[in-house]
Each structure stands twice: as structure tokens, then as C-alpha cells.
Amino acid sequence: MRFYVGTCEMKWTHEGDMEQLWIRRELGDELFKELQQDWCAVVLLRSNSQSLPGDIYKRVDVYVDIEDDRYATLFALRFSKARKLETI
């Protein structure tokens with residue numbers, strides 16, 4: 001299953017560890033640590049910012065793919081703000 005967990009905006013120059021810091025700040029420590037588990041596959045979709053100049057800022061949508069139904073159910077119960085989108 002794929003879950004939408006959040007979005008954040010940052011400069012296009014923020015890559016790698018700096019990008020992860022911004023995502024962690026936006027999602028919170030508990031959810032970010034959960035996304036680092038082996039059974040989670042994090043998917044980042046980058047696009048131009050919708051509210052800031054797109055040539056300088058990017059928007060990062062954060063999704064997580066969870067193939068195991070048991071883990072997906074536990075994730076959905078634990079993080080009720082995550083929205084289920086589709087089945088893998």
C-alpha cells in the first residue's frame with residue numbers, strides 16, 4: 001500500500017542530508033524514525049514550489065510504500081494523518 005505522509009518546501013540546493021533534515025523537521029521525529037525501518041520504502045516526489053518562486057524552491061511530497069499488509073495496518077493505525085492512496 002502507498003501512504004501519503006506529508007510535504008515540505010525547501011531550496012533546490014538542499015540535497016542529501018540537508019533534504020532529510022527538512023523532511024524530518026516537517027514530519028516529526030517519531031514518523032521520520034518509523035520511515036527508516038526495513039519494511040518501509042520512502043518515495044520522494046520533487047516538483048517546483050507552488051507558493052514560492054519555482055526556480056529557487058522545490059516541493060517534496062513524501063510517500064511510503066509498505067508491501068506487508070500487517071505492517072501497513074499497524075502504520076495506518078499508529079499514524080492516522082497518513083492517507084492511503086493505492087495498492088502496490
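Which residues does His 14 touch, not counting residues up to four places away in sequence?

Guide: His 14 touches Glu 19, Trp 22 and Lys 58, with residues up to four places away in sequence left out. Contact here means heavy atoms within 4.5 Å. This is a predicted model, in which local features need pLDDT of at least 70 and side-chain atom pairs count only at pLDDT 80 or more, while totals for chains, interfaces and linings use all residues. Residues are numbered from 1 along each chain as its sequence is written, and side-chain values use heavy atoms, with hydrogens and water left out.

His 14 sits in the loop between β1 and α1. With a relative accessibility of 16%, His 14 counts as buried. Buried means under 20% relative accessible area, exposed means over 50%, and partly exposed is in between (1.4 Å probe, protein chains only).

Glu 19 and Lys 58 are both buried. A salt bridge is a side-chain nitrogen of Lys or Arg within 4 Å of a carboxyl oxygen of Asp or Glu, and the structure holds eight of them.

Two others share Arg 78. One of them joins the side chains of Glu 34 and Arg 78 at 2.6 Å, N to O. That pair links distant parts of the chain, with Glu 34 in helix α2 and Arg 78 in helix α3, 44 residues apart. Glu 34 is buried, at 14% relative accessibility. Helix α3 (residues 69-78) holds Arg 78 and helix α2 (residues 29-35) holds Glu 30, so the pair ties together parts that are 48 residues apart in sequence. Arg 78 is partly exposed, with a relative accessible area of 47%, and Glu 30, at 49%, is partly exposed as well.

Seven of the nine residues of β3 (residues 57-65) are buried, so the strand is largely enclosed by the rest of the structure. Strand β1 (residues 2-11) pairs with β3 in the antiparallel sense over nine bridges; two strands pair if DSSP finds at least two bridges between them. Within that pairing, Phe 3 stands opposite Val 64 of β3. Strand β2 (residues 41-48) also runs antiparallel to β3, joined by eight bridges.

Finally, the cysteines. The structure holds zero disulfides, a disulfide being a pair of cysteine sulfur atoms within 2.5 Å. For Cys 8, the nearest cysteine sulfur is that of Cys 40, 17 Å away. Cys 8 is buried, with a relative accessible area of 5%, and Cys 40 is buried too, at 10%.

How values were computed: Helix = DSSP H or I, 4+ residues; strand = E, 2+ residues; numbered from the N terminus.
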